Amino acid sequence: MHAERKNTIIRMFNVSKRYGKMEALSNLSLEVRKNEFIFVTGPSGAGKSTMIKLLYKGESASSGAILVDGMNLARISRKQIPMLRRQFGVIFQDFKLIPTKTVFQNVALVLAVAGLKPKEIYPRVMDVLERVGIDDRAEEFPPVLSGGEKQRVAVARAMVGGPKIVLADEPTGSLDPDSAAHIFQLLRAVHEAGATVIVATHDQQMINNHDGRVVRLEKGRMAREN
Amino acid sequence: MLIFAAKRALTDIVNNKFLHIVSIVTIALSVFIVSAFSLFFNNATDFLDAWRTGVRVIAYVGANVTEPQRTRLEETIRNLNGVSVVEFISKDDAFNDLKQKIGQQSSLLDGLDKNPLPDSFEITLTDSYRRLEDIEKLSQSIGGLPYVEDVEYAQKWLHRFNGIYNLFKVTGLVLVSIFFIATLLIIANTIRLIMYSRREEIEIMRIIGADEEFIKYPLFLEAVAQGFLGGVAGILMLYLAFILTVPNLAPETVFSFFEIRFISVKFSLTIVLCSMMIGWVGCFFSIRKFLKL
């Protein structure tokens, strides 16, 4: 039991999130082990994105407790939030790349934020860009890239800091099947490298084709877990 | 940290050229208006001061005053506070002076039986005694002395100029304050506009773990740099307008005692410094809204 607890990286106890009268998450409890690969699925409005936001403290839970690597998110101060977020790599459906920065600069920002020096940043960014296969476009700006390329940059940004947890919110939602498959391979590689990966998706085919625990949400509640 | 923030600020300025140029031009125009008014105000003040330097008090002496009485009176006036120089003008000197001044019409004076002008003292005041109240007080003291029949000191003109001077002062302060507040609001709103256009970028930076300092420092540096560039551009615009306009005004041909001067280097630096501070303050107020968790 003790060993199992030690192996847990995320714990959610009766977590609820309300926006006014609307309840986006209701009494959700979940434990995620280190280096686990989890799909969070469910229809639109089920609470998948809200759950992801609560984990990196993009939002705060209305009630319940969330522990990430031993840190109680309800108790951390404002100043500690950046440190918490540096443990995550987050990927979004709409990529969230800064259009006025080059591919290299977008990825390098994660390391600059963590306080690394430019000479340490360069090789690490180029290495990760090479791994996602976009190193030849390092000096391009995001608006000229295709959707698949943008998402590869987003994956590179999520990978470059060597995060403990990677959160992906509908990472393949706006991609063609080939690009989606490529992104999924990259997420697998991140998982194999030791990270815990949580993917929120409603792409049933993708879930069926890959191994991983599946958590199904419906109307903000846990509907099924297998 | 600061060097890195400066590099990021510079990159941001290059990447968001248009917004920054708009902001710098806005600041430059505001600085131009404020400093143009200061230029006018400074010169108007200098002009009034220079004009007042020429003010003399004339004390007319009674007709039957003897030489020793007059000497005593001169000594008494000289010892009064605020008196710098006392010059005796005899009635004959005054008459000759008048003759010279009216030139060709001086023959009109030949018909007079006797010289109607009185003896007088022309009194120059010390530099610290040039305020209207001081001049009035001194004139009253002199007027109260024995053997003095009348005192004159261009009362009408001095009152009028004093009114104009005070109006300048009040208007100047009010206008500079209004422009200062307007500049602050313009800059705060321009920065807010820049921040608004970058809200997504700020949100992304926060998601990847940037702390507030990491986000704020470049923005503050950018705002201060905008203030600096806008301030310098505003002063340069004013200087350009000054060298193109002032030679055509040639005020020295009308007023020999006065020359229009550009605002001093110290004042220019103060304006640039204020402009940078306004940039900082504008950024401070804009940033608070965007960095709230």
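Start by selecting Ala156(A): beyond its neighbours within four places in sequence, Ala156(A) is in contact with Val107(A), Val128(A), Leu129(A), Val132(A) and Ile134(A). Keep in mind as you look around that this is a predicted model.

Next, widen the view to the largest nonpolar core, which has 95 residues. Which members touch the most others? Select Leu55(A), Val107(A), Val155(A), Ala156(A) and Leu167(A) to see them. Then highlight helix 4 of chain A, residues 103–113, which gives the most to this core, with 9 residues. In soluble globular proteins, nonpolar side chains tend to be buried together.

From here, turn to where the chains meet. The contact takes 15 residues from chain A and 13 residues from chain B. On the side of chain B that touches chain A, select helix 1 (2–15) and helix 8 (199–207), as each supplies at least two residues. Helix 8 of chain B has the largest share of that side, with 4 residues. By type, the residues on the side of chain B that touches chain A are 8 nonpolar, 3 polar and 2 charged.

Last, colour chain B by confidence. Its average pLDDT is 82, and 95% of the residues score at least 70. Where in chain B is confidence lowest, and where is it highest? Helix 5 of chain B (residues 107–110) is lowest, at a mean of 72, while helix 3 of chain B (residues 67–78) is highest, at 90. For the complex, the predictor gives an ipTM of 0.90 and a pTM of 0.69.

Note on methods
Residues are numbered from 1 along each chain as its sequence is written. Chains are lettered from A and ligands numbered from 1 in the order in which they are written. This is a predicted model: local features need pLDDT of at least 70, side-chain atom pairs count only at pLDDT 80 or more; totals for chains, interfaces and linings use all residues. Two residues are in contact if their C-beta atoms, placed from the backbone, lie within 7 Å. Ala, Val, Leu, Ile, Met, Phe, Trp, Tyr, Cys and Pro count as nonpolar, Asp, Glu, Lys and Arg as charged, and the others, Gly among them, as polar. pLDDT is the predictor's confidence in each residue, from 0 to 100. A nonpolar core is a set of buried Ala, Val, Leu, Ile, Met, Phe, Trp, Tyr and Cys residues joined through C-beta atoms within 7 Å. A residue is buried if 20 or more other C-beta atoms lie within 10 Å of its own, exposed if 12 or fewer, and partly exposed in between; C-beta atoms are placed from the backbone.
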